[in-house]
Amino acid sequence: MALFSSSTQTIPVTGDIPQHIAVIMDGNGRWAKKRFLPRVAGHKRGVEIVREVVRLCANSGVKYLTLFAFSSENWRRPADEVSFLMGLFMEALQQEVGKLAENNIRLRMIGDCSRFEPALVAKIAEAETQTAGNDGLTLTIAANYGGRWDIMQAVKRLLADNPAITDSFTEEDLSAYLSMHYAPEPDLFIRTGGEQRISNFLLWQLAYSELYFTDTLWPDFDEAEFKRAIESYQQRERRFGRTSEQLIAD
Ligand code: IPE
Ligand code: IPE
Ligand code: MG
């Protein structure tokens, strides 16, 4: 059984504050380039913004924050940038886990860990265990994540567990195997850096998310920018297929 209802099966209850925000943190490289710095300087600065956005979400009552840190296609980047990102990831885990634990934040990772160094995989597992009892904000880091990978792994695991199910399974059966089975679908999707695309992020889960794109580069995404995104969200009419008149009547 899935924990949360699906936006295509029932109409979700929504509020002024998004329960779940999903973010494509884009523009680190361009931020650095503008300053004549190496691209990796932008990634370093990006980690500081993560810390700030986690704080803003926790203080605003957001329950789930999901950040796209490394896509399944980012392996196509130069090897030195990939290995810098892996190192940064490890370092950030080491430095931040204690603080997350203190602040009642639960850390979870989604993505295909099989390509990571064993030390990183162990560190991830340790961080997840250390924060597993926290019931404040759930911070999910998507690393080596791809929306298509997610759907494929869910189908494979569903069929492996239920060989006789063949074509009789439901959306709900499948969504229980998706990486984000423990969270409601994102209410708000934010992409910084000016591009207006999903880049293989949460393909299934973004079905009815409100999309917000800003030209601001991730290392410049501050509290004012965060508030702008929330305000934009608050002005949306989330119809989920219905008419405006139906919403008013409700
Ligand atoms: C996002 O910033 C971070 C990752 C993809 C890891 P980019 O590195 O994509 O920055 P731009 O888009 O090149 O500016
Ligand atoms: C998406 O950003 C992935 C992350 C932010 C981790 P990219 O910079 O990799 O996306 P594309 O390649 O421009 O679509
Ligand atoms: Mg980019």
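Colleague: Which pocket is the space taken by ligand 2?

Modeller: Please bear in mind that this is a predicted model. A molecule is assigned to a pocket if more than half of its atoms lie within 2 Å of the pocket's grid points. By that test, the space taken by ligand 2 is the largest pocket.

Colleague: Which residue has a polar side-chain atom 2.8 Å from an oxygen atom of ligand 2?

Modeller: A polar contact requires a pair of N or O atoms within 3.5 Å. A polar side-chain atom of Arg191 lies 3.3 Å from an oxygen atom of ligand 2, and an N or O atom in the side chain of Arg77 is 3.2 Å from an oxygen atom of this ligand. The residue with the value of 2.8 Å is Asn74.

Colleague: How much of the accessible area of ligand 2 does the protein cover?

Modeller: On its own, ligand 2 has 390 Å² of accessible area. The share of this area that the protein covers is 78%.

Colleague: Which element gives the largest share of the shell around ligand 2?

Modeller: The residues that surround ligand 2 include Phe68, Ala69, Phe70 and Ser71. Strand 2 covers residues 64-71. The largest share of the shell, 4 residues, therefore belongs to an element whose range holds these numbers, namely strand 2.

Colleague: How many nonpolar residues are in the shell around ligand 2?

Modeller: Ile24, Met25 and Phe68 are among the residues around ligand 2, and Ile, Met and Phe count as nonpolar. The shell also has 3 polar and 4 charged residues. The number of nonpolar residues is 5.

Colleague: Where does ligand 1 sit?

Modeller: The residues around ligand 1 include Met25, Asp26, Ala69, Asn74 and Arg77. Met25, Asp26, Ala69, Asn74 and Arg77 are also among the residues that surround ligand 2. Ligand 1 sits in the largest pocket.

Colleague: Which residue has a polar side-chain atom 2.7 Å from an oxygen atom of ligand 1?

Modeller: A polar backbone atom of Gly29 is 2.9 Å from an oxygen atom of ligand 1. A polar side-chain atom of Arg39 lies 2.8 Å from an oxygen atom of the ligand. The residue with the value of 2.7 Å is Arg77.

Colleague: How much of the accessible area of ligand 1 does the protein cover?

Modeller: The accessible area that ligand 1 has on its own is 380 Å². Of this area, the protein covers 87%.

Colleague: Which element gives the largest share of the shell around ligand 1?

Modeller: The elements that give two or more residues to this shell are helix 1 (28-34) and helix 2 (39-60). The largest share is 3 residues, and it comes from helix 1.

Colleague: Is Ala69 buried or partly exposed?

Modeller: Ala69 has its place in strand 2. Buried means under 20% relative accessible area, and exposed means over 50%. Because its relative accessibility is 34%, Ala69 counts as partly exposed.

Colleague: Which residue has a backbone oxygen 2.7 Å from a polar atom of the side chain of His20?

Modeller: His20 lies in strand 1 (residues 20-24) and counts as buried at 0% relative accessibility. Its side chain makes a polar contact of 2.8 Å with the side chain of Thr66. The backbone oxygen at 2.7 Å is that of Pro184.

Colleague: Where is Asn200 placed?

Modeller: Asn200 has a positive phi of about 60° although it is not a glycine. With a relative accessible area of 17%, Asn200 is buried. Its place is in the loop between strand 5 (188-191) and strand 6 (210-213).

Colleague: Is Phe240 buried or exposed?

Modeller: Phe240 is in the loop between helix 7 and helix 8 (244-249). Its phi is near 50°, a positive value in a residue other than glycine. Because its relative accessibility is 12%, Phe240 counts as buried.

Colleague: What distance separates the C-alpha atoms of Tyr233 and Asp187?

Modeller: Tyr233 lies in helix 7 (residues 223-234) and is buried, with a relative accessible area of 4%. Tyr233 and Asp187 are 46 residues apart along the chain. Their C-alpha atoms are separated by 8.5 Å.

Notes:
Residues are numbered from 1 along each chain as its sequence is written. Chains are lettered from A and ligands numbered from 1 in the order in which they are written. This is a predicted model: local features need pLDDT of at least 70, side-chain atom pairs count only at pLDDT 80 or more; totals for chains, interfaces and linings use all residues. Side-chain values use heavy atoms; hydrogens and water are left out. A residue is near a molecule or strand if one of its heavy atoms lies within 4 Å of it. A polar contact is a pair of N or O atoms within 3.5 Å; within protein, one must be able to donate a hydrogen and the other to accept it, and residues adjacent in sequence count only if both atoms are side-chain atoms. Accessible areas come from the Shrake-Rupley method with a 1.4 Å probe; for residues, only the protein chains shown count as cover. On a 1 Å grid over the protein atoms alone, a cavity is a set of points where a 1.4 Å probe fits but cannot get out, and a pocket is an open set with protein on both sides within 12 Å along at least five of seven lines; lining residues have an atom within 4 Å of a point. Buried means under 20% relative accessible area, exposed over 50%, partly exposed in between (1.4 Å probe, protein chains only).
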